[in-house]
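I opened the model to look up its sheets and a few of the residues in them. My entries follow in the order in which I made them.

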Amino acid sequence: MKNIKESTYRIPFVIWGILIIITSATALSGCTQKLEGSLHKRADHSLDRIRELPSPSFLGEGIIPIEIGEEEEFYKSAGWLSGSEILYVSNKGEQTSLLYSYNLGTGKGALLYRSDEPIITAVPSPDRKKVLIHSSASEEGLLTIIDLSGEELYSTSIQSYEITFEWNPFDENLIMISAFTEEWDFNSYLLDLRNNKLDEINLPEPFVRWISEDELVYQEWDEEGMELTAPLNSLSLNESKTETLFEGIYQFDSIGPYLMTVKVDDEDNPGLGLYSFFRSGDRQVASFTAPLLTSFSGWVVPFYDLMENGKGFIYLKANSMGDADLYEGGFNLMRYHLESQKEEVVLSELANEPLSCSPSGKMCLYGFQLEKVLNIETNEMFDLVY
């Protein structure tokens with residue numbers, strides 16, 4: 001690999017990467033996801049507002065669970081193609097992985113892609129018309145892009161120990177890719193699907209998010225790696241221009257049209273997180289506070305997602321601050337309305353596990369393999385696989 005850069009990014013991101021690899025390996029070898037949630041001890045909470053249902057062939061309000069084929073094992077769900085259609089991956093034997101689309105309303109599924117290498121993950125494009133598939137072969141990461149008929153649009157291999165990638169929601173012909181060595185050095189690439197061209201690109205940090213067609217944001221971490229917060233910078237690819245947007249950011253994300261930042265109060269209310277949402281770079285449109293849990297590397301920001309086509313932010317909220325390894329207080333599933341800046345409790349007494357919500361906001365996939373379905377309208381939770 002050329003132009004290897006020294007890794008200077010923050011410890012939480014290193015842990016994030018390590019946990020992805022550990023969990024992926026575990027799931028592929030047996031059948032056991034974003035896995036920073038494993039920093040939190042999973043308590044066996046009762047779900048006092050959710051009815052846990054049995055597993056007949058028809059469950060919930062118009063929802064039919066998946067029946068896995070013979071000699072296959074469910075690996076994980078991989079996001080939404082529409083308000084009722086999802087992607088999921090199953091494994092057949094030690095090497096073969098199968099990617100399916102599945103309609104929860106009709107119970108009909110279709111095999112989209114068969115891989116002779118284990119599929120690590122699959123991610124729909126922002127308009128949900130294409131899917132990026134990451135599979136692994138020894139020291140190489142294999143990236144394949146297909147359309148919803150299963151036709152292969154692009155494929156390449158990158159020497160890597162682990163790979164992260166980001167679709168550009170403003171121009172989904174562009175995908176930013178960072179490939180890591182076993183020592184956590186990295187190289188970054190820009191894939192342009194208009195001409196199927198993969199160019200190596202010099203980025204200061206591997207974990208980036210898009211906030212416009214040509215602009216990325218990243219945290220500028222101290223080379224010593226001892227700070228828990230860092231400035232949030234923007235980088236224009238066209239102009240090669242860098243600008244500091246905010247100081248003292250603990251965590252950030254770009255979800256839909258919004259840039260989200262999380263700051264932590266270290267003085268008056270230690271462990272209280274300030275979530276802020278911005279559009280058009282630094283124009284704040286909403287903010288709220290919620291408790292965070294402490295961990296050996298800093299704080300645990302519970303899982304979250306965007307729903308209702310960008311109108312609602314759904315997140316897990318701890319009932320109190322405390323140590324993540326000792327915490328047994330449960331999490332409430334909250335819906336925060338970005339326009340009205342009001343929030344409501346959707347469900348109570350959940351564990352801190354990943355969320356992936358349908359565009360309509362009526363249902364969410366939930367769990368470390370996204371193996372459960374939350375029906376937001378009826379307060380029901382059930383297993384996705386029959």
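What is the order of the strands in the open sheet that begins with β6? I read it as β6-β7-β8-β9, 4 strands with antiparallel pairing. For strands and their numbers I use DSSP runs (E, at least two residues), counted from the N terminus. Two strands pair if DSSP finds at least two bridges between them.

Basis. I note that this is a predicted model, in which local features need pLDDT of at least 70 and side-chain atom pairs count only at pLDDT 80 or more, while totals for chains, interfaces and linings use all residues. Residues are numbered from 1 along each chain as its sequence is written, and side-chain values use heavy atoms, with hydrogens and water left out.

Confidence. I looked up pLDDT, the predictor's confidence in each residue, from 0 to 100. The mean for the protein is 84, and 84% of its residues reach 70 or more. Over residues 1–59 the pLDDT is below 50, yet this stretch has 166 contacts in the model beyond near neighbours in sequence (contact: heavy atoms within 4.5 Å). Where pLDDT is low, the predicted coordinates should not be read in detail.

Sheet β6 to β9. I checked the edges and found β6 (119–124) and β9 (152–159), each with a single partner strand, so one side of each is left without a neighbour in the sheet. Neighbouring strands are turned by 15° against each other on average, direction ignored; the axes are lines fitted to C-alpha atoms, and angles run from 0 to 180 degrees between N-to-C directions. I then followed β6 to strand β7 (residues 130–137), to which 5 bridges join it in the antiparallel sense. Ile 119 has Ser 135 in β7 as its bridge partner.

Sheet β18 to β21. I recorded a second open sheet of 4 strands, β18-β19-β20-β21, with antiparallel pairing. Its edge strands are β18 (251–255) and β21, each pairing on one side only.

Strands β20 (residues 272–279) and β21 (residues 283–291) pair antiparallel over 8 bridges. I found Tyr 275 opposite Phe 288 in β21, and Leu 274 with Thr 289 as its bridge partner. Between the strands lie 3 residues, and Ser 280 in this hairpin takes a positive phi near 55°.

Ala 179. From Ala 179 to Tyr 189 I count 10 residues in sequence and 8.2 Å in space, C-alpha to C-alpha.
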